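Here is a friendly walk through some side-chain contacts and one surface patch. Have a look at the model first, and then we can go through it together.

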Amino acid sequence: MKTGIHAFTILIIILASFYSFGQTKYTVRDGVTLEPMPFVKVIPDTGAPSFTDIDGRFLLNREVTQFQLRFSTYKDTLIEVAKLDTNVIFMWSSLQEIGEVTVVAGENPAHRIIDLVIENRKKNHPLSNDAFTYNSYSKFIFDANDGLKNRVMDAPEDDSLTAGLKFLNEQHLFMLESASERKFIPPAKDRENITAYKVSGLSLPIFSTFAQSLQSFNFYDNEFQLLGATYINPIAEGGTRRYLFILQDTTVIGNDTTFTITYRPRINKNFKGMEGTMYVNTHGYAIEKVIASPYSRDTAVTFKAKIIQDYHLIDGYKWFPYNLSTQVELHGLGITVGDEAGFITGKGNTYIKDVVLNPDDLKKRGFGNISIATDPDAKDADDEVWDAYRGEELTDKEKKTYQVIDSLGKATNLDRKLTALMALSTGKIRINKINLLSGKFIDYNFYEDLRLGAGIETSELLMKNIAIGGYFGWGTRDKDWKYGGYTTFYINKRQGVELTLNYQQDIVHRGGNAFQKKGLNLNDTETYSRLFRTYFDKQRLAELKLSYSPLGNLNLFAAANYQRVEFAEGYGYFPTDPNYFSGDHVDVAETSLEMQWNIRERVMLLGDLRIPQPTVFPKISAKVTKGWPGIAESQLDYLRLNLRISQLIPSMRFGNLNWTLMASQTIGDVPLFLKQNAIGTRHDWNVSVANTFETVFPGEFFHDRQAALFVRYDFPSIKTKAKWNEPQFILHHGIGYGDFANRSEHAQVFKSMDKGLYEAGLIFSGILTQNATSIGLGGFYRYGYYADADWKKNIVPKISIKFTLN
């Protein structure tokens, strides 16, 4: 019996192979751009209709004598097979556009279909209900636009043009490939490993996930990601109110029907939308194919993009992404050959294969919080490995691209230069074997005024797992020098295990409560709030610090230090018991434990580089610091507790809600630098700083214990015809409570928020916009018990600067 089953299986394979030999493969291309045309409807005179695949290809039985090609906005094309002398067929645009349609009577048939798609969206979502595994292969190529190539080809002979034409004809500008394995268990266990990658001219793993970053994996979420930008999906809830859908064609294949529907935002709607063509199959009313581009009424755009997704029915019930394609025209990225100018284009495909739904051997263990990881040896894959991943052999032009660009990359040390560029994100400027610490050259606060200095450290080109650095600075107001040095041992970069020895003679913020920071973050509150700090004491510190990241979204820090703090600017500490402390300085021995947990945050692990991905869940930071008396000359016994919880809840339709809760407490009798300072950033016509009290002067409030809640609501931006203007309203509100005992022990005037501090504000952002920077104006008002009797003194005008980093 078993032998009969095997024989039957072999027979089926042979028949399938024979059948494929009885077919002819054709490719449909655009008659102007020569680009392959996916999802063209093919109607043969015998047999069932079909569609071209993502590469514009289709198979035709030998008995077909003629067939028709049909595609929206293109002329219908009738082909007689006997007259074909090539397997490439061209279609020509009819230059039609989707106009506004007014339905006079009855229901728009496209809306009925789309409503069913929306109704079945959760069931059909690839990341709902079913676990899966698959393998994928991706290839992306950058090239000069066809118009430039044609002009160079038609131009009079010239040495520079000849060399440029030879270059463009023989190779592409840039090329990369990657292969991956992915496993998923709903609702959120997801892991993709990059098993091989190859980049022309480069070997850094930062490009290994390029294909995954281009577009969303599926077309079912409310928001669709394309090249880092977010668009409202046509099949999001309420899609038929925002989008115009038109039924263009109906194709019956077997027992199922495929509806071809075009879509674009309605003329009277103002949102970030898309336009294109959607193919809906009546088997589950699922998306079978989709083409989408960002919709814009502005013809002078700096880039154009188009995505294509092709779904196949798996196991008879689940439509699953099978091929993904991305095409871009980077009009803002010019290229010149002789006197001819053009721009760079890019096109890439991801081919998904070996899809298995609900595999028996897939276990919940082994996922962790790493969403995408590049295998350590992924860049070393040989030709035999690549041949197994690629569906087709590389063309001569693609092989030449690797040969030429690889040699150029080695000759120009491209890997090293890119590594230096990446170091800028951590605030470091790499010069060969030395890093300049950009944050140490110039700084500002109200205590030092302008601080000038320098800082350097060794780069990994000198020592891969050890960094030795130092800095110095001089304040123009306090007229004092500061300096320090450190050594960091990178014990395990992939796990974030670092050991740092640090010594510094510097200043310490009075009542400060900052958490550990890594790198340079232009959207971080502390980047700006530190500019307003006013009260400092002088500090000499020796510290040992250990960091560890056991999970992608969990960072742990442990530290031990000994410090001598000298009081500055007339401050004095006079405890009730003079035997407890006296003098103008104090020695402190302390240890601390800190946790930073970003709930359900996913992390990309590219070599040693950890890149967090956005999360809508809360981020929690907690720190416990203990002072130990009796060690050397340390005198103070205390416990400091700090907690911070923040969350960003985004919505393209309704705006973004951002809230931050801060709570802290100091237990023990200590000088003011170990108490808790309410973060105030009041200064008329200065910069507005989120998650701070905008109407509170720096150092106005100190506490033994305190809590503050900051809420900001960003309304959606208002789209205008002006490129330099994108108005947006932002609401701000802050609430704070705190208390302070034994205030008479401190020789400094301050208040505490016993009665509750309240403030509200309105920001008119986006008055001027340029690239990712938005500038506006804001006004803030303090009310309640701590408001001034003169209402005008409660008003604080400020300038708003907002960075949008995708």
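Is Asp190 buried or exposed? Asp190 counts as buried because its relative accessibility is 15%, where buried means under 20% relative accessible area, exposed over 50%, and partly exposed in between (1.4 Å probe, protein chains only).

Before going further, note that this is a predicted model, in which local features need pLDDT of at least 70 and side-chain atom pairs count only at pLDDT 80 or more, while totals for chains, interfaces and linings use all residues. Residues are numbered from 1 along each chain as its sequence is written, and side-chain values use heavy atoms, leaving out hydrogens and water.

**Salt bridges**

The structure holds 38 salt bridges, each a side-chain nitrogen of Lys or Arg within 4 Å of a carboxyl oxygen of Asp or Glu. Three of them are listed here.

| Salt bridge | N to O distance |
|---|---|
| Arg182 and Asp190 | 2.7 Å |
| Arg451 and Asp506 | 3.1 Å |
| Asp478 and Lys482 | 2.6 Å |

Arg182, the partner of Asp190, is buried too, at 9% relative accessibility. Arg182 also lies over the face of Phe217, at 4.6 Å from the ring centre; the rule asks for NZ of Lys or CZ of Arg within 6 Å of the ring centre and within 35 degrees of the ring normal. Phe217 in turn belongs to a cluster linked by ring pairs, together with Phe132, Tyr134, Phe184 and Phe320.

A salt-bridge network links Glu448, Arg451, Asp478, Lys482 and Asp506.

**Aromatic pairs**

Rings of Phe, Tyr and Trp (its six-membered ring) pair if their centres lie within 6.5 Å; planes under 30 degrees apart are stacked, over 60 edge-to-face, and the rest tilted. That gives 39 aromatic pairs. Tyr737 lies in strand β40 and Tyr758 in strand β41, so the pair ties together parts 21 residues apart in sequence; strands here are DSSP runs (E, at least two residues), numbered from the N terminus. Tyr758 also stacks with Tyr783, at 5.6 Å centre to centre and 25° between the planes. Tyr783 sits in strand β42, 25 residues away from Tyr758, and is partly exposed at 33% relative accessibility.

**An exposed tryptophan**

Trp685 is found in the loop between β36 and β37. With 53% relative accessibility, Trp685 counts as exposed.

Note on methods: Helices (H or I, at least four residues) and strands (E, at least two) are DSSP runs, numbered from the N terminus.
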